[in-house]
Amino acid sequence: MKQNLLLIGYRGTGKSTVGKLLADRLGFPFVDADVLLEERAGATIRAIFAEEGEAGFRKRESAILREICQTDQQVIATGGGVILSEANRELIKKSGFVVWLSAEPDILAKRLNADPTTQERRPKLAQGGLDEIREVLERRIPLYRECADCEISATVSPSLLADTILSAWTAIISTSSNTPG
Ligand code: S3P
């Protein structure tokens with residue numbers, strides 16, 4: 001069984017921030033799938049969207065996920081749309097403990113507006129703004145739910161969030177090690 005800790009969830013839920021904290025606490029490497037994708041491509045996500053469209057970006061995203069999931073014992077922050085592909089969802093589910101970070105659209109809108117990386121890393125997926133978040137999130141919620149071992153509200157501080165995630169993971173590990181057979 002793979003022992004990665006994977007973070008999924010919409011843009012702005014703080015996957016990268018809490019991912020780094022979790023990696024420190026676990027002594028695991030932290031892998032940010034979007035950062036690795038940009039390094040491999042030698043281009044920003046915005047430039048990839050502009051040149052290859054969203055379809056080109058999604059192909060690259062799936063290839064990076066396959067590469068990352070070959071390794072164990074890492075904390076992995078995924079891009080918000082990685083769950084759109086069924087093959088990605090299957091790979092995520094079998095690659096470790098999957099935590100879905102969730103938050104309400106208005107909170108996400110505020111966070112995304114305040115994040116200086118939004119321009120380069122988060123091209124528009126629809127009309128932009130709060131309506132885009134509502135619309136895209138509604139379509140994605142069942143897919144996040146399908147992949148997740150647990151859903152955790154991302155509205156607390158990163159440190160508290162990391163504590164909550166580690167407790168959830170520990171509880172699952174101890175339950176499965178107590179299961180006979
Ligand atoms: C995307 C989310 C982004 C990035 C790309 C597409 C999405 O990642 O992968 O802009 O479709 O939601 P973050 O979730 O890290 O912002």
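Where is Gln73 found? Select it and look: Gln73 is in the loop between α3 and β3 (75-77). Helix and strand names follow DSSP runs numbered from the N terminus, with helices (H or I) of at least four residues and strands (E) of at least two.

Before going on, a word on what you have loaded: this is a predicted model, where local features need pLDDT of at least 70 and side-chain atom pairs count only at pLDDT 80 or more, while totals for chains, interfaces and linings use all residues. Residues are numbered from 1 along each chain as its sequence is written, and side-chain values use heavy atoms, with hydrogens and water left out.

Stay on Gln73 for a moment. Most residues other than glycine have a negative phi. Gln73, though not a glycine, has a positive phi of about 55°. Gln73 counts as partly exposed because its relative accessibility is 43% (buried is under 20%, exposed over 50%, partly exposed in between, using a 1.4 Å probe and protein chains only).

Now zoom in on the polar contacts, pairs of N or O atoms within 3.5 Å. A ligand oxygen is 2.6 Å from a polar backbone atom of Arg121. For Asp34, the distance from a side-chain N or O atom to a ligand oxygen is 2.7 Å, and for Arg11 a polar side-chain atom lies 3.1 Å from one. On its own the ligand exposes 380 Å², and the protein buries 97% of that (areas by the Shrake-Rupley method with a 1.4 Å probe).

Two more stops. Pick Thr118 in helix α6 (residues 118-121); Thr118 is buried, because its relative accessible area is 16%.

Finish at Leu160, in helix α8 (residues 158-178). Leu160 is partly exposed, with a relative accessible area of 45%. Select Val18 as well: 142 residues separate them along the chain, and 9.3 Å separates their C-alpha atoms.

Notes. A polar contact is a pair of N or O atoms within 3.5 Å; within protein, one must be able to donate a hydrogen and the other to accept it, and residues adjacent in sequence count only if both atoms are side-chain atoms.
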